[in-house]
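Q: Can we go through this model together? I'd like the overall picture before the side chains.

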Amino acid sequence: MPAIDLDRLGREVEHLESLFGAPAELTRSALDVLDFYAERARRPSAALVEEKQGRSLAVPAPVLRAMGMGLQKQAAEHPESGWPAADALWDADLRETRILACWTVSGFGDTRVAEWVERRAAGLDDPPVMTAVVDRAFLSWRRLSGRVYVDQIGRWLASSRSVLHALGLRALEAGLEMPELEDMHRAFEALAGLPRPVRGDARSALADLLKTLAVRSPAETTRFLLEEIEADYPGIERLARSLLPSLPPPQRERLTAALSSRGVGKRSS
């Protein structure tokens, strides 16, 4: 791909910023910019990339970042225009425009961000969009309202909707550095409310979270897994085995012994 012309990109971002108060025009202009850089990033004859979870133009990350930073700045300066702009970008139904929507709301530090994302939960089956939600859209809210953030995660994990389980698990992993989760107790407390068995995208989100927790808090992670094994939740043995390499030797031995015992018990029954 040819080098990105930073001067041109800067002018395009400035033009987007000038349209911030007009959501429809802003979205049309953003799509034009995305399409231009998508054409430079792929073969001329290539069509829109239809991936498993969402439609994507395969726009280079530096372009999205420059556009997102411009939109974030405008939202901070004109918060009354931020929500309509984010709505219009999300509704354009491309991975890139949804990531830009997340940049747009990233400066808002209250629960309206959580409510905005929850109303759009059906679009969170696309992993890059989910990443943009938890790493970008939630950033200011997580920093400014940590206790409220953790409480909201608990509500998502206790929900009857699997897509909200995945959201809550990803949000929990993204927030593990927060002061409110320093001792890890609240993280495992939130996990206790997660309905079993874990299904869909929430299953891989849980595996990723537990892998991180195994490094940060191996004793509590092992205790959690032992309780899950004892309860005989579907899929827990496979998940526990996948986490063995992430645990220190003492916890690994405890978990291995429990798994072996379960195997013997099943063969003898």
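This is a predicted model: local features need pLDDT of at least 70, side-chain atom pairs count only at pLDDT 80 or more; totals for chains, interfaces and linings use all residues.

Q: Fine. How many helices and strands are there in the protein?
A: The protein has 15 helices and two strands. Its C-alpha trace spans about 70 × 45 × 30 Å along the principal axes.

Q: And what share of the residues count as buried?
A: 48% of the 269 residues count as buried.

Q: What about contacts between residues at least 6 apart in sequence: how many join residues at least 24 apart?
A: Of those contacts, 70% join residues at least 24 apart.

Q: How do α1 and α3 cross?
A: Helix α1 covers residues 6-18 and helix α3 residues 61-77; their axes come within 9 Å and cross at roughly 35 degrees. The crossing is right-handed.

Q: Which residues meet there?
A: From α1 there are L9, V13, L16 and E17. They meet P62, V63, A66, M67, G70, K73 and Q74 in α3. By class, this contact of α1 with α3 has seven nonpolar, two polar and two charged residues.

Q: Switching to salt bridges. How many does the structure hold?
A: Eleven salt bridges.

Q: Start with D126. What does it pair with?
A: D126 forms a salt bridge with R95, and the closest N and O atoms are 2.8 Å apart.

Q: Which residue does D151 bridge to?
A: D151 forms a salt bridge with R186, with the closest N and O atoms 2.7 Å apart. D151 lies in helix α9 (residues 146-157) and R186 in helix α11 (residues 185-192), so the bridge ties together parts 35 residues apart in sequence.

Q: Is D151 buried, exposed or in between?
A: D151 counts as partly exposed, at 33% relative accessibility.

Q: Where does E228 come in?
A: The side chains of E228 and R196 meet in a salt bridge, 2.9 Å from N to O. R196 lies in the loop between α11 and α12 (201-216), and E228 in helix α13 (residues 218-231), so this pair ties together parts 32 residues apart in sequence. E228 counts as buried, at 9% relative accessibility.

Q: Which residues are linked in a network of salt bridges?
A: R170, E173 and D208 are linked in such a network.

Q: OK, aromatics. How many pairs does a search of the whole structure find?
A: Nine aromatic pairs. One of them is W141 with W156: the ring centres are 6.4 Å apart and the planes are at 75 degrees, so the pair is edge-to-face. W141 lies in helix α8 (residues 139-144) and W156 in helix α9, so the pair ties together parts 15 residues apart in sequence. Both W141 and W156 are buried.

Q: What about F188 and F224?
A: F188 and F224 form a tilted aromatic pair, 6.1 Å centre to centre with 55 degrees between the planes. F188 is in helix α11 and F224 in helix α13, 36 residues apart, so to speak of the pair is to speak of a link between distant parts of the chain. Both F188 and F224 are buried.

Q: Which residues do ring pairs link into a cluster?
A: F138, W141, Y149 and W156.

Q: Last one, T221. Where is it, and what is it in contact with?
A: T221 lies in helix α13 and counts as buried at 0% relative accessibility. Leaving aside neighbours within four places in sequence, T221 is in contact with F188, L210, L213 and A214.

Key: Residues are numbered from 1 along each chain as its sequence is written. Side-chain values use heavy atoms; hydrogens and water are left out. A salt bridge is a side-chain nitrogen of Lys or Arg within 4 Å of a carboxyl oxygen of Asp or Glu. Helices (H or I, at least four residues) and strands (E, at least two) are DSSP runs, numbered from the N terminus. Buried means under 20% relative accessible area, exposed over 50%, partly exposed in between (1.4 Å probe, protein chains only). Axes are lines fitted to C-alpha atoms, for helices over the stretch in contact, and angles run from 0 to 180 degrees between N-to-C directions. A crossing is left-handed if the near helix is turned anticlockwise from the far one by less than a right angle, and right-handed if clockwise. Contact means heavy atoms within 4.5 Å. Ala, Val, Leu, Ile, Met, Phe, Trp, Tyr, Cys and Pro count as nonpolar, Asp, Glu, Lys and Arg as charged, and the others, Gly among them, as polar. Rings of Phe, Tyr and Trp (its six-membered ring) pair if their centres lie within 6.5 Å; planes under 30 degrees apart count as stacked, over 60 as edge-to-face and the rest as tilted.
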